[in-house]
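Me: Can you walk me through this one? I'd like to start with the terms and then go around the chain.

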Amino acid sequence: MSSSARNDDAGRASGELVSAEVGTDGLLEGLRLNPRALRLSSEALAGHIVAAVRAAQLNRIGECPADDADLYGLIRRIDEIEVQTARDFDCLTSTIEDSLHRLEGR
């Protein structure tokens, strides 16, 4: 990570498994993954990365104080719900498609 990124511009997700830092321009400067994060599914890991980057960006623009853990938790939870909803929707779509194929075969 660049030395120009400040600690208070860091965003974290999933209990320090993922952390991100943004530069003064608000763009991503660095991303750290704890080795344990690699045990997550790709969808879950992507969600945690997005949550960490968003938290870091919000820190940078001053909408999310660095010590406001409740807001970080809320952002992370919303991202997790978004990922889970996408998975559930994919599963539902697959089930409906399978049912339609079985009905067409009768």
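Reply: Contact here means heavy atoms within 4.5 Å. Note also that the model is predicted.

Me: OK, using that, what is Ala37 in contact with, leaving aside its neighbours within four places in sequence?
Reply: Ala37 is in contact with Leu17, Val18 and Leu45.

Me: And which residues make up the largest nonpolar core?
Reply: That core has nine residues. They are Leu17, Val18, Ala20, Val22, Ala37, Leu45, Ala52, Val53 and Ala56. Strand E2 (18-22) and helix H1 (42-61) are the elements that give two or more residues to it. H1 gives the most, with four residues.

Me: Back up a bit. What is the order of the elements from the N terminus on?
Reply: The order is β-β-β-α-α, so two helices and three strands in total.

Me: How much of the chain is buried?
Reply: Of the 106 residues, 31% count as buried. The accessible surface of the chain comes to about 7000 Å², and 54% of that belongs to carbon and sulfur atoms.

Me: What share of the contacts with a separation of 6 or more comes from residues 24 or more positions apart?
Reply: Such residues account for 50% of them.

Me: Now E2. Is it mostly covered or mostly open?
Reply: Mostly covered: five of its five residues are buried. Val18, Ala20 and Val22 point one way from the strand, while Ser19 and Glu21 point the other way.

Me: Which way does Glu21 count, buried or exposed?
Reply: Buried, as are the other residues on both sides of E2.

Me: In what sense do E2 and E3 pair?
Reply: Antiparallel, over five bridges, with E3 covering residues 28-33. Glu21 stands opposite Gly30 in E3, and the bridge partner of Val18 in E3 is Leu33.

Me: Different topic. How many salt bridges are there?
Reply: The count comes to one salt bridge. The side chains of Arg54 and Asp79 meet at 2.7 Å, N to O. Arg54 lies in helix H1 and Asp79 in helix H2 (residues 69-104), so the pair ties together parts that are 25 residues apart in sequence.

Me: Why would side chains like that pair at all?
Reply: Side chains of opposite charge can pair when their charged atoms come close.

Me: Are the two partners buried or exposed?
Reply: Arg54 counts as partly exposed, at 36% relative accessibility. Asp79 counts as buried, at 3% relative accessibility. The cut-off for buried is under 20%.

Me: Last one. Which residues make the nonpolar surface patch?
Reply: Phe89, Leu92, Ile96, Leu100 and Leu103 make a patch of about 510 Å².

Me: Where is Ile96 found, and what is its relative accessible area?
Reply: Ile96 is found in helix H2. Its relative accessible area is 45%, so Ile96 is partly exposed.

Technical notes: Residues numbered from 1 in each chain as written. Predicted model: local features only at pLDDT ≥ 70, side-chain atom pairs only at ≥ 80, totals over all residues. Heavy atoms only, no water. Core = buried A, V, L, I, M, F, W, Y, C linked by side-chain atoms within 4.5 Å. Buried < 20%, exposed > 50% of the residue type's maximum accessible area, 1.4 Å probe, protein only. Salt bridge = Lys/Arg side-chain N within 4 Å of Asp/Glu carboxyl O. Areas by Shrake-Rupley, 256 points an atom, 1.4 Å probe, with all protein chains shown as cover. Pairing = 2+ DSSP bridges. Patch = residues over 30% accessible without salt bridge, like charges linked within 9 Å, V, L, I, M, F, W, Y side chains within 5 Å.
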